[in-house]
Amino acid sequence: MQKIVFFGGTGMTGQCAVRYALQKGLTVRLLVRNEATVPEDFKEKVELVKGDVTNVDDVKKAVAGQELVCVVLGTRNDLKPSTAMSDGMSNIITAMKEASLKKFSVCLSSFLFMDADKVPAIFVNINGEHRRMLETVKGCGLEYRAVLPPHIADEPQAKFATAYDKSPGHSRSISKLDLGQFLVDCLYDEAHSAKVIGICVNTSDYPGRKTPKTMAKSVDLLNIDVDQLFKQHNVSEIDSVHKRVLNEIELKREELRTMVGERYRDLLKAADTIGDMKQTAGSIIGNVDRITARCQQLNDHNLIGFRTGTDYQRMQKKHRDHNFHGVIVQIKLLTSLPEMIWSRIDREDYFVATQLFIFARHISTGLSLDTERETMRKFPVAAKQWQVLSQFFFTIEAACRESLGREELSVEVASKSLASWLLLESCPVEQTLSMFTERRSKAFLEVLDENETIYEKVKDKLLASLKVLIGTVRLFYECFIDDGTADDGVGGFQRELQHITGDRAAPTIGLIRSEDPMIMQMVPEMIAKFRPRLERIDLAEENVRTAVSAFLRTIETTVVGRLKRLVSLVPSIKTLHDIKMQAIALEKPSNWATVISKLGLPEGTDFYATFYQRLINDRMQSIIKSAWTETVQKTRSDLLELLHANPVDLKAFVWKESLDDVPMNLETALDRSNPSTRKLLMKARGYTPALVALTDSLNGRLQSLTRDVRSFVSSSGRPEMEEMLSYFRQCCVEGVAELITAIKSAEFDPTVERYALLARFLTAVRELCPALRECFIPTTIGLADSWHAGRKSSSTVTVPEEDPERWAKVAGLLEDESLQCWTLWVERFQQRWSVLSDAVGYDALLNDFPAWETVTIEENDENNQPIQSTIRVPSQPSFPVQKCLHHAYELLNEAIPQTIPRPTMLDIVERLATMLLKHYDMLVGNEFVKHNQTAALQFYLDMRFLQLMLIGREQKKLNERFNELVGRFKSYIDPFDFDVFYTHLNANVKRSVLKLQHFLGALICHSEQLGTIVGSGAGPDSTGLATLDKNPNILALSSNSLNMVWFPLLPVVSKDTTSSAVGSGGLGSESLKV
């Protein structure tokens, strides 16, 4: 059974959802504040966790071990401003992420589909809270289902409809049973994942049935004639009318309940106040009666001041005239105030506009209390004028909220806007913090809005959002704790309120300038001395800290959604570096340490490091990975294009001289920062211009990437640098492996030329891409010890550590794969070798064996007289062997053996020797050879020649096989004759090697050993192989990469020749190819 946890499961809809979940067989857990609110019918069937959704620890405890989450939070008809539900939603999302949960459903309101100005006034506060919840849900990154129902009715279940991002119909209600069921069922439908879902009763389920809208036109629910109803409609239509009447009754009852619930406390308080006022009025009336009676007594005694007569009547008339003029002046003020208020609003002076509005409200209230007077009956305009003035409440309140939601906001404007809002709302001062938090959060979100066109670049949006973040924290401090204008530790918000509500504050009427000062003297005292009053304007620092924490939690939620998406749009590392540098350079207030300390933030708080750095680093890693992927794809494409092109005549390219082969001056010769520009070296490696261009393109991309990474990490701290470099180097390793995999998976016609090209390319990547090496070893690649230590490559990453192990891994991988390609090349190269015939007979003796050498031997007879005799011995290897070796050499010479690596050359020679061994192994068992000493002698010389020519001392297994065959051929020769022939055979073997090594030198892999064995006459030049010239100027035409010292002849520069070389402006010697 799946486990599900409910938040708000004891409410009307929540109970229905819980009952349906139990009916469905789920294991249910509830988070409740009071267990007494849990219905008895399922109290024993669910697991109860006591806690509050606004406490994140309680929420984490409830979510632990669950699989699904259902959120049905409500306020139980309390429509006052609150953030409890949105805070709870944030806590639920945080807990789900820690518990690795994904799916949840949440019940909100269909008012969210409406424009904010069309939402009924009594639901504005709760709708704002629902909107905050929806924004939090959309940015959470989880698999949410946001369900937006209309009025939730206590009705039986019926068919309902759903739609995404809109209401599905015109019905204004949904059964609580249907809603509870859908909140659970939608968790099992992946189509609803990450969707905002509208739901309501389906009004089109029954064809031909009139919809409520049609019925409304035909039936007046307030004036239903029952008799006419039964005459004009059928039973089903009457039933529909009956249900509509019940639904309207329920809606009105709900509205009445909401209105009563909202004003109930105010009514009780007003009732108590009226009772107190009644007692006070009775006391005052009694006192007035007593004063009147006493005055009458004094008047009866004709005391001065209490006489009746002309003076008293004149005073009464004067008093009546003064009251009349006072009313006139007040009406005049009411008619003048709208223009004054509009003028202040246009100048964005909302604080003065608010004071004028409150002053107008005070005047209007005073006049409305005098409606019984004859004067007021003469001037009905006073009552109508307030209807005009009352609309300024909404205008000023909206303007204040708009100003607080601006990106750039000064302390003065923020303080006055906050004070204006508090004066208008007349709410507890703590609610100002909630409103300010909400407006600044909106300002942050608006800057990050992808559809916002104020900032065209993503970089500007990110930097602007960071400025808003820092500026908001500063505003919290300077508005609510200390604005820094005095040493009294009062925030700008409280200071503005003190200016107008304090004991020394000037009356509000001072804001009004009159052309005739005498007119203002007619204003009653209660109007002239009026100034705004507030019960309390002080705020505890703890409340401010709580508000700052709530604001930062909102930002943290936003980071998961909008900010992450915005950072993912940054296209390059350079842009990321610019963002990072400008973010670090953003100026913070000089008292930043005091600000974060007073607001309860950790010491050294840095919002860039907290919210942006991780996202920036993640994006950089993504760009590095993408750059490598793009590089691999581009290189693979270019390499395939090169493979499918016509093969280059490598032999002509290597041996054809050009003026560009050697550097023209010493400076160019010493500049080895870019090996690919050294044309003679490229020919020595067999790197064609197309191959060099391909590696240059790869090196250019890596150099650009390396340079960007260097600039980024150069401004990073030690931990960040180590993390980024480690990731970068790991990407390089993986990128090279990916490149090799892409090359190996490429489709092309396998030929020896293409396999050789692949092998050389993999080697060239290691040799001609210095940027790749510098990813791991951040030092300039020098190709000689005389390279200037002070020179640095433009792509060098300046970091303290090297990573030679990873570079060795990459270089080894490239070398191994290159050798693997050479192995495939050898396999196809071997298929082109000529096959020796196994037939042997007298025809072979006549056609395949060279002319033998005639040797004269002088001996003394018994009488000690000289006797001459002649013998014939084989002088050179048989023709088929020589043809086979020459054919293999000619094929190998086409591939430029000087550019083939040593292991591959050894492999070629071993394969050739193995093939010849198989051939002679078949010959040694031939009956003709066994009984023909001539054939045995020739084949003996062949084997000795091949062993000396091809096999080195270290190749023990091949030497053993050769020795075995040599011994078998020797066994077919008469021992006496062999003793006579041995010296001459051995000399002819060495002579044949000396003769043929210059023509078959490409097949010789042990030239030094061969020179030692055959004597000083052997070698690629006249000086021999035993002692090699340090500066040869003649190159043997037949050679390979194992038996030569200089190929091609490169300019040699030493300290004693540098000056002369520079003076001559060229090279002192030239390469001579023979």
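**Exercise 1.** Find how many bridges join strand 1 to strand 4, and how the two strands run.

*Solution.* Take strand 1 (residues 3-7) and strand 4 (residues 68-71); four bridges join them. They run parallel. Strands here are DSSP runs of E, at least two residues, numbered from the N terminus; helices are runs of H or I, at least four residues. Next, pick V5: its bridge partner in strand 4 is V69.

The model is predicted: local features need pLDDT of at least 70, side-chain atom pairs count only at pLDDT 80 or more, and totals for chains, interfaces and linings use all residues. Residues are numbered from 1 along each chain as its sequence is written, and side-chain values use heavy atoms, with hydrogens and water left out.

**Exercise 2.** Give the strand order of the open sheet and name its edge strands.

*Solution.* The order of the eight strands is 3-2-1-4-5-6-10-8, with mixed pairing. Two strands pair if DSSP finds at least two bridges between them. Strand 3 (47-50) and strand 8 (160-164) each pair on one side only, which makes them the edges. Neighbouring strands are turned by 20° against each other on average, direction ignored.

**Exercise 3.** Determine how helix 29 and helix 32 are oriented to each other.

*Solution.* Start with the axes, lines fitted to C-alpha atoms over the stretch in contact; angles run from 0 to 180 degrees between N-to-C directions. For helix 29 (residues 718-744) and helix 32 (residues 804-830), the angle is about 5° and the axes are 10 Å apart. The helices are therefore roughly parallel (angles under 35 degrees).

Note on methods: Parallel < 35°, antiparallel > 145°, perpendicular 65-115°, else oblique.
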